[in-house]
Amino acid sequence: MRLLSLEVQNYRNIASASLTPGRELTVLCGNNGQGKTNLLEAIWLLTGGKSFRGGKDAELVRRGEPFAVLEASTQRAQKDEQEPDDPTRVRLTIGTPDSPRPGRTASVNGAPPKRAASLAGSFPAVVFDPGHLSLVKGAPEGRRKFLDAALCQLYPGYLTIYRRYVRVLQQKNALLRRSSTAPERPYAEKAALLEVLNKELALQGEAIQQRRRAYLAKLAPLACANYEELSRGAERLTLRYAAQFEPGGLAALLKARQAEELRAGQSLCGPHREDLELLLDGQPARVFASQGQQRSVVLSLKMAEAAAAASITGEHPVLLLDDVLSELDDGRKQYLLTRMREKQTFVTSCDDTAFLKTDGEVYRMNGGVLSKA
Ligand SMILES: Nc1ncnc2c1ncn2[C@@H]1O[C@H](COP(=O)(O)OP(=O)(O)OP(=O)(O)O)[C@@H](O)[C@H]1O
Ligand SMILES: [Mg+2]
């Protein structure tokens, strides 16, 4: 995938900016708080997803302005680099002059605008944001989200399964909560209802786990190879799916723990309680990884995510790397700089010295004003 050009108006602190990226590396440098991440976030919005910083749509529009506009030209690289597709023009707006609730809409090649989410899949990108460091140290939920988000991007059917699972899980939790607070309801009635819900949970839960395992089988070797090269073999990364059940075993597990769940008043087993374990030299990275090691793990995962998507869809996502080099030693920096030259990559940095030797396009961001360095 390639971004050919981007025009930004009234986005965050950027009144107006025009970016013509390099084929491979584009560097956005500048001091703190100048708008580098804002511009990276604007590129990310072309994926159709929400802000990776969790920003609400209203926060994305420049203060005092009614709406923001992003106009981009993108192109699929596809298998045949010699004969790429015609460029696609995307116009994304956030808010409208007369709407009290600003939403994001997108128009492709001049067609009538649709919800921005309809862009999903048309501009694949993978983002590394320092907030993602919590993937290593944070709760299992973040790691499950990492897997689920990738699966949703790759297979539209996964979102359907996932939503079904979550809906039934909510019903089950409501039932379990009621049964622990209102024990007067006949036990047999509750158990019968629970059985119906568990049957559906087992069906969707097995499908979720099976897809996560299959995706991990692709992702893990890529991530481990990335880590190996990034750290020059200093330590070894392994990924392990921490499963609660073996394939085909969820129904039996739910049955076995039914009484316990009724007592606890909440659901205790299923893929929503599983985890992706990250190990460095066999030890949990969550407990033992240093700052630079955490960063290396997350980067290895993210680059693996991009490579896995490329092998599944045939289209390599654009890489958006926010403040990626800090805390890394020179060897790791050097390795990343070479990786950045392989696929279209956007990188922000306060310090441009590492990039001056590269042949990337270097831009400077100053108070929301973008200029060629
Ligand atoms: N809706 C908005 N309207 C105007 N300014 C905004 C808006 N949202 C954010 N900003 C401003 O954008 C600036 C932050 O920009 P950004 O996060 O891109 O900085 P940065 O260059 O990435 O800095 P750092 O190097 O610290 O990461 C802040 O000063 C913030 O006040
Ligand atoms: Mg930033």
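Mentor: In the largest nonpolar core, which has 65 residues, the members that touch the most others are Leu-219, Leu-239, Leu-301, Val-324, Leu-336 and Met-340. This is a predicted model, in which local features need pLDDT of at least 70 and side-chain atom pairs count only at pLDDT 80 or more, while totals for chains, interfaces and linings use all residues. Residues are numbered from 1 along each chain as its sequence is written, chains are lettered from A and ligands numbered from 1 in the order in which they are written, and side-chain values use heavy atoms, with hydrogens and water left out.

Trainee: Which residues may belong to a nonpolar core, and what joins them?

Mentor: A nonpolar core is a set of buried Ala, Val, Leu, Ile, Met, Phe, Trp, Tyr and Cys residues joined through side-chain atoms within 4.5 Å. Buried means under 20% relative accessible area, exposed over 50%, and partly exposed in between, with a 1.4 Å probe and protein chains only. Helices (H or I, at least four residues) and strands (E, at least two) are DSSP runs, numbered from the N terminus.

Trainee: With which residues is Leu-301 in contact, leaving aside its neighbours within four places in sequence?

Mentor: With those neighbours left aside, Leu-301 is in contact with Leu-135, Phe-146, Leu-219, Ala-223, Leu-239 and Leu-278.

Trainee: How many aromatic pairs does a search of the whole structure find?

Mentor: A pair of aromatic rings is described by the distance of the centres and the angle of the planes. Rings of Phe, Tyr and Trp (its six-membered ring) pair if their centres lie within 6.5 Å; planes under 30 degrees apart count as stacked, over 60 as edge-to-face and the rest as tilted. The search finds 2 aromatic pairs. Trp-44 and Phe-52 have ring centres 6.3 Å apart and planes at 75°, so this pair is edge-to-face. Both Trp-44 and Phe-52 are buried. For Tyr-158 and Tyr-162, the centres are 6.2 Å apart and the planes at 25°, so that pair is stacked. These two tyrosines are 4 residues apart in helix H5 (residues 156-181), a separation of about one helical turn. Tyr-158 is buried, at 0% relative accessible area, whereas Tyr-162 is partly exposed at 29%.

Trainee: Why is helix H1 described as largely enclosed by the rest of the structure?

Mentor: In helix H1 (residues 36-45), 10 of the 10 residues are buried, so the helix is largely enclosed by the rest of the structure. Lys-36, in helix H1, has 8% relative accessibility and counts as buried. The side chain of Lys-36 reaches the backbone oxygen of Asn-31 at 2.8 Å. That is a polar contact: a pair of N or O atoms within 3.5 Å, where within protein one must be able to donate a hydrogen and the other to accept it, and residues adjacent in sequence count only if both atoms are side-chain atoms. Thr-37 also lies in helix H1 and is buried at 16%. Leaving aside neighbours within four places in sequence, Thr-37 is in contact with Phe-52, Arg-53, Asp-322 and Thr-348.

Trainee: Which residues does the UniProt annotation "binding site" cover?

Mentor: According to the unreviewed UniProt entry, the "binding site" annotation covers Gly-30, Asn-31, Asn-32, Gly-33, Gln-34, Gly-35, Lys-36 and Thr-37. UniProt positions are given in the numbering used here, feature names are shortened, and annotations may be inferred rather than shown by experiment.

Trainee: What is the phi of Arg-12?

Mentor: Most residues other than glycine have a negative phi. Arg-12 has a positive phi, near 45°, and lies in the loop between strand E1 (2-11) and strand E2 (14-19). Glu-327 has a positive phi near 75°, and its place is the loop between strand E12 (318-321) and helix H11 (330-339).

Terms used: Contact = heavy atoms within 4.5 Å.
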